[in-house]
Amino acid sequence: MTHWLQPLTAAALGLTLFAAQAQAGDLQSQRMDNRQARQSHRIDQGVESGQITPVEQARLEQQQRHINRLEGRTEADGQVTGKEAVRMEKAQDRASHKIRRTKHNRRTAG
């Protein structure tokens, strides 16, 4: 390989890696947003069916707001690290579990 071609090849490789990382971050962000939307929908369904009481609804929605703030802080610098992604995933896992427990705890609204 000629000497003038090596820096161009390295630059092209760097741009390709940067684009791949940006796309992976966008996919992770979209995945988090989709999951939040599904969880909010599950809460709404529980309220409509009477499985979730108003007090339970308030607690679950508070947890969703906490996760939304966490996501905002996570994405504030434009990059989501692996550690941040794991933290978000765990917070969403806890919320999902709490939604399920609340919907099936035999308390009913009204």
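Since the model is predicted, local features need pLDDT of at least 70 and side-chain atom pairs count only at pLDDT 80 or more, while totals for chains, interfaces and linings use all residues. Residues are numbered from 1 along each chain as its sequence is written, and side-chain values use heavy atoms, with hydrogens and water left out.

The protein has three helices and zero strands, which gives the pattern α-α-α along the sequence. Helices here are DSSP runs of H or I with at least four residues, strands are runs of E with at least two, and both are numbered from the N terminus. Helix H1 covers residues 5–49, and helices H2 and H3 cover 54–75 and 82–103. Of the 110 residues, 25% count as buried (buried means under 20% relative accessible area, exposed over 50% and partly exposed in between, with a 1.4 Å probe and protein chains only). Among contacts with a separation of 6 or more, 79% come from residues 24 or more positions apart; a contact means heavy atoms within 4.5 Å. The protein exposes about 7,900 Å², with 55% of that supplied by carbon and sulfur atoms (areas come from the Shrake-Rupley method with a 1.4 Å probe, and for residues only the protein chains shown count as cover).

Next come the charge pairs. Side chains of opposite charge can pair when their charged atoms come close. A search of the whole structure turns up four salt bridges, each defined as a side-chain nitrogen of Lys or Arg within 4 Å of a carboxyl oxygen of Asp or Glu. Arg35 takes part in a bridge with Glu89 at 3.2 Å, N to O. That pair links distant parts of the chain, with Glu89 in helix H3 and Arg35 in helix H1, 54 residues apart. Arg35 also meets Asp93 in a salt bridge, at 2.7 Å, N to O. Asp93 sits in H3 and Arg35 in H1, so this pair ties together parts that are 58 residues apart in sequence. Arg35 counts as buried at 15% relative accessibility, whereas Glu89 is partly exposed at 21% and Asp93 is partly exposed at 37%. Arg31, Arg35, Glu89 and Asp93 are linked in a network of salt bridges.

Another bridge joins Arg107 to Glu56 (3.3 Å, N to O). Arg107 lies in the segment after H3 and Glu56 in helix H2, 51 residues apart. Arg107 is exposed, at 52% relative accessible area, but Glu56 is buried, at 7%.

As for the surface, Arg65, Arg69, Arg73, Lys83, Arg87, Lys90 and Arg94 form a positive patch. Patch residues have over 30% relative accessible area and no salt bridge, with like charges joined within 9 Å and nonpolar side chains (Val, Leu, Ile, Met, Phe, Trp, Tyr) within 5 Å. Lys and Arg count as positive and Asp and Glu as negative, leaving out His and the chain ends; a charge is placed at NZ of Lys, CZ of Arg, CG of Asp or CD of Glu. Helices H2 and H3 each give two or more residues to the patch, and H3 supplies the largest share, four residues. Arg94, in H3, is exposed at 53% relative accessible area.

Thr74, in helix H2, counts as buried at 6% relative accessibility. Leaving aside neighbours within four places in sequence, Thr74 contacts Gln79, Val80, Glu84 and Met88. Thr74 and Arg87 are 13 residues apart in sequence and 9.4 Å apart in space, C-alpha to C-alpha.
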